Amino acid sequence: MTAARASAAVPLVLLGAAALLPLLLSNEYYLQILTQGYILAISACGLNVILGLAGQLSLAHAGFFGIGAYTLALLGTKAGVPFWAGLPAGVALSAAMGYGIGSICLRSRGHYFAIFTMAVGLIIHLVIQKWESLTHGHVGVIGVPGPGSIGPIAFDSSAARSYLALGFLALTVTAIARLMASPVGRTWMAVRENEALASAVGLDVMVAKRLAFTVSAALAGLAGGLFAGFIGFLGPESSNVEMTFNTLLYVMVGGIGSLAGPVAGTFIVYGLSQVLAVLQQFQMVFFGVALVLLILFMPSGLAGVWRSARAGWGGRLVHRP
Amino acid sequence: MELFAQQVLNGLVTGSVYSLVALGLTLIYGTMHVPNFAHGQLYMLGAYVSYSLVTRAGLPYWGALGMSVVALALVGAALERLVFRPLRHAPPLNSMIAALGVMLCLEAVAQNIWGEEFRHMDSPYGGVVSVFGLPVAAHRLVLLVAAAGLMAGLLLFLTRTLAGSAIRATAQSPEGALLVGIDTGRVATTTFAISAGLAAVAGSLIAPISLVYPSMGALVTLKAFAIVVLGGMGSVPGALVGGYLLAMAESLGGTYVSATYQDLVAFVVLALVFTFKPSGLFREAA
């Protein structure tokens, strides 16, 4: 079997394994964690688009997660809009805000972009937290509509919901894989490697970065909407800076800029955080240290280790330039 | 009128703290080009160390403040040596993410040692004095004078001493500084230590009139960034003036416009500056 065919089979095998998981997990609690993991992985994939592919450190990510979540929650509780209409509305609003905010923020580069987006993320969070007449502030929104059912398929059990989240994650990963292989994805990587050079060879850097930022915001919004609808309750913590950092950690652990890295990273870190729930109070100490150690010793994450391992034993058989 | 005068005074007090924090941030950015996202957490740790030394070890206030400065300077130097120096030649993204990791870690460490509760510490200057008929807590006056004195001292250090000149030279051109024989590695460690020490002073000065809690540094970091961006990344006078200006805007805006959104002032200012000047108000100054 050629390497290309083998790597094409890997995602299908993984998807099959993931589809079997809910059958093995009889415990309701594990199923919910699994579902949360899928949702957070969608958000991590979104951050990876702007950070890993286009090379821009956006610290407003949780803000867009919050926008998607609150759009669905508020439309559902205040206007009676069902989940399946609220979700696309949340994604659309996140994407639109991403486009608008990106148009402004992306004119700043490097450190300035990171600081700017950190301020934007904080503004979104503070508005959500303080605009009590709309968002109920700290109290949060109760009774967010769930996915209900589409025709004969009812999403009332935890297993059904986990399949739904898995479906969205699979769609997300497929879409990003397509983008990465397309001229759009190549442009992003060119911008990441050398913005001045990309611009010099005639690529429209601004358009490329803005598209990456919009896609990233839309995916954050999608994850936020699913998060709110599946839990049924939503508080302002969903949009805070810690949420951005957690997502950043997922991406860094898995491997920045790789396709499967953010998903793997989410499951490892989020899974560990659930296993270590007893050590809840030390969790952030570990995570902070982990982030620093990763960047010092393993800046390409698990995906980097995987690549060099494969190059190690495959390299002797196939000569790569 | 009294309300106005009171708010101006509040602005000056908060401004002293902002300026000290922003000074440290701008020094690090100027010499090492690292946006130190963990800077507010150094300020928070400084406050906690002073708090512990005063309330648990029974040290006098100024002694505690001094030891807090030494402790944080060591923390700052260690961060430079262990985290930021190895990343000097890595892409800028890496040192930014490392700074975020440090920030996360320090806040969690404080939460584990001191807990979530809001802590209060007494000032040795508990009285109220009258300034032109205005009642003012004595500690606020002490804070104003101490901060101003420290800033003047720092400016003299940077402009009049050899070590200060070495820091400025490194900020202007690391290669040039290296060529004329400056040990830029040592400059970086020193700068980090000074910057963390300044944050410790700021935290310790504000602790008796404010409360001490693990997340007290989070907003301060962002405000310091707003100031530094306004004043020019790396510019010392910009950070000094910007700190007082921002605090004044917050204090007056919070009184006369909206107290709910007082904390938003800094970020709106920051967003406006970047909207119209994507690379900050000034070109990076030394």
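## Conventions

Residues are counted from 1 along each chain as its sequence is written, while chains are lettered from A and ligands numbered from 1 in the order in which they are written. Because the model is predicted, local features need pLDDT of at least 70 and side-chain atom pairs count only at pLDDT 80 or more, whereas totals for chains, interfaces and linings use all residues.

## Where the chains meet

Residues are in contact here when their C-beta atoms, placed from the backbone, lie within 7 Å. Helices are DSSP runs (H or I, at least four residues), as are strands (E, at least two), numbered from the N terminus.

Ala, Val, Leu, Ile, Met, Phe, Trp, Tyr, Cys and Pro count as nonpolar, Asp, Glu, Lys and Arg as charged, and the others, Gly among them, as polar.

Helix α13 (residues 280-297) of chain A meets α4(B) with axes that come within 8 Å and cross at roughly 160°. That makes α13(A) roughly antiparallel to α4(B) (under 35 degrees is roughly parallel, over 145 roughly antiparallel, 65 to 115 roughly perpendicular and the rest oblique). Axes are lines fitted to C-alpha atoms, for helices over the stretch in contact, with angles from 0 to 180 degrees between N-to-C directions.

The crossing of these two helices is left-handed, meaning that the near helix is turned anticlockwise from the far one by less than a right angle; clockwise would be right-handed. Residues making the contact include Phe282(A), Phe287(A) and Leu291(A) of α13(A), and Ile97(B), Leu104(B) and Cys105(B) of α4(B). The contact divides into 16 nonpolar, 5 polar and no charged residues.

## Within chain B: α9 and α10

Inside chain B, α9(B) packs with helix α10 (residues 236-256) at an angle of about 125°, the axes being 8 Å apart. That makes α9(B) oblique to α10(B), and their crossing is right-handed. Among the residues in this contact are Lys223(B) and Ile227(B) of α9(B), with Val241(B) and Leu246(B) of α10(B). The classes here are 7 nonpolar, 4 polar and 1 charged.

## Helix α5 and its neighbours

Helix α5 (residues 138-160) of chain B has 23 residues and spans 33 Å from first to last C-alpha, close to the 33 Å expected at 1.5 Å a residue (1.5 Å times one less than the number of residues). His139(B), Arg140(B), Leu143(B), Ala147(B) and Leu154(B) are its buried residues, and they pack against α1 (2-32), β2 (134-137) and α8 (184-206) of chain B.

## Two residues to look at

Leu65(B) sits in helix α3 (residues 61-84) of chain B. Leu65(B) is buried because 22 other C-beta atoms lie within 10 Å (20 or more means buried, 12 or fewer exposed, and in between partly exposed, with C-beta atoms placed from the backbone). Leaving out residues up to four places away in sequence, Leu65(B) touches Ser50(B), Val201(B) and Ser204(B).

His33(B) belongs to the loop between α1 and α2 (39-55) of chain B. Most residues other than glycine have a negative phi, yet His33(B), not a glycine, has a positive phi of about 55°. His33(B) counts as partly exposed, with 17 C-beta neighbours inside 10 Å.

Notes:
Contact = placed C-beta atoms within 7 Å.
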